[in-house]
Amino acid sequence: MSLVDSQRRVLSGMRPSGYLHLGHYQGVLKNWVRLQHEYDCFFCIVDWHALTTDYDDVGQISQQVMAMAVDWLAAGVSPSSATLFIQSQVPEHAELQLLLSMICPLSWLERVPSYKEQQEQLHTKDLGTYGFLGYPLLQAADILLYRAGLVPVGADQLPHIEFARDVARRFNHLYGREPGFAVKAEAAILKLGKKTAKLYNGLRKAFQEQGDVEALETARALLKEVQNLTLGDRERLFGYLDGGGRVLLPEPQALLGAAPRLTGLDGQKMAKSNDNAIFLRDAPAEVEEKIRRMPTDPARVHRSDPGEPQRCPVWALHGVYSGEATGQWVQQGCRSASIGCLECKAPLAAAIQAELIPLQQRAEEYQSSPDLVRGILAEGAERARDQARETLVEVRQAMGLSYR
Ligand code: TRP
Ligand code: SF4
């Protein structure tokens, strides 16, 4: 695993909240489905994160995990393209969090905005716990464990990604400069074989003496091709190119999705807690009923009163689900009162129902074979663990914990 590979690796996590809604689908899952074909993707159901706030209500967690896994699969997240797994089935997340906790200043955790915000929002619950304070570090461990360079998240998560970068940087600073780095790097060069070693040395020299950036890129590409290198040697050779130490834990970047937040049935952001969501598994009749009951522009008291789509949550959803022609029809018809609101809602309901049909068929298949879903998650956890173990070997060694 190298610096370059981390740029191809994606990790994201989602709290197990049970059945997912259209906001999750439009804002997150569609993006994941796209990413899984271009990157080496790890998608994690973060059940330990659920415990950081819901430690007093644990009866639902496993059902919510399973329901969410089914919705991921139904939405097209594919176990043949991506690695899907449950956080607690990869205990390495906990070990890395523990090790990172040794170098993580308390003040960094206290200043993460969600710490104070959530304590105020959920004021009926005691969130003065060690677990809650530490959850950004758990999230950092989720990411750094896979050396993921890219983390698709919403804007609300940016402080957490920044925090993970800070932790990685501190870790690399403390442990990346192993004693005898240059000697070990030179030894690693010898393992490249004569021809490749000569190439590597030439390119390294060209970069270090003439600042030839192309040579640096070529050398990195060269290292990517080389087989039979240990993880440690590979990193040394990457680090040796630009003179630094080893980058043990690459700093991750957020990958912000293009889709804006989806509007809910009442015009607020669609969220389960706002009770304004259409769920992926809502039956067609339910979708129709929810849309039918949506409030519209209050100016349209009578069918003959003209309205303004900008003031109407139905229009916000048309923006996502309807094409140009329908959009024109709505704007024109609403402002001239030539269409009624029920008429306006019909193509929207139909578009949502049509999008959900194939998804619901897949959901039903997975729902009726829970062993299949459990198998997918178990296999995902195995694949994740293979990667996680590799990182931890390096991390333990860097922190002085090697006994072989
Ligand atoms: N904290 C994230 C949220 O509340 C979930 C999460 C946990 C996560 N671990 C992650 C997201 C790692 C991205 C990467 O949405
Ligand atoms: Fe909203 Fe459509 Fe009614 Fe206009 S016609 S107020 S856009 S539902």
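How far is a nitrogen atom of ligand 1 from an N or O atom in the side chain of Asp142? The separation is 2.7 Å. The model is predicted, and every value here is computed from it.

Start with the ligand site. Ligand 1 has Asp142 around it, along with Leu11, Ser12, Gly13, Arg15, Val46, His49, Gln139, Ile143, Val151, Val153 and Gln157. Asp142 is one of the side chains that approach a ligand nitrogen with an N or O atom. For the side chain of Gln157, the distance to a nitrogen atom of ligand 1 is 3.2 Å. The cut-off for a polar contact is 3.5 Å. The Asp142 distance is 2.7 Å, so this pair falls within that limit.

Now step back to the chain. Its domain assignment gives domain 1 as two segments, 3-176 and 369-398. Domain 2 covers 181-241, and domain 3 covers 282-366.

Look next at domain 1 and domain 2. Their centres, taken over C-alpha atoms, lie 33 Å apart. Six residues from domain 1 and six residues from domain 2 make the contact. How is such an interface sized? Often by the accessible area lost when the parts come together. Between domain 1 and domain 2, about 630 Å² is buried. Carbon and sulfur atoms give 58% of that area.

One salt bridge is found across domain 1 and domain 2. Glu235 pairs with Arg147 in a salt bridge, and their closest N and O atoms are 2.2 Å apart. The count of residue pairs in polar contact between domain 1 and domain 2, both at pLDDT 80 or more, is one.

Which helices supply the domain 1 side? Both α1 (3-6) and α19 (370-398) provide at least two residues each to the side that touches domain 2. The most comes from α1, with three residues. By class, this side of domain 1 holds four charged residues, two nonpolar and no polar ones.

Key: Residues numbered from 1 in each chain as written. Chains lettered and ligands numbered in written order. Predicted model: local features only at pLDDT ≥ 70, side-chain atom pairs only at ≥ 80, totals over all residues. Heavy atoms only, no water. Domains from an automatic or database assignment. Contact = heavy atoms within 4.5 Å. Buried area = accessible area lost by both parts, 1.4 Å probe. Salt bridge = Lys/Arg side-chain N within 4 Å of Asp/Glu carboxyl O. Polar contact = N/O pair within 3.5 Å; in protein donor to acceptor, adjacent residues only side chain to side chain. Helix = DSSP H or I, 4+ residues; strand = E, 2+ residues; numbered from the N terminus. Nonpolar A, V, L, I, M, F, W, Y, C, P; charged D, E, K, R; others polar. Near = heavy atom within 4 Å.
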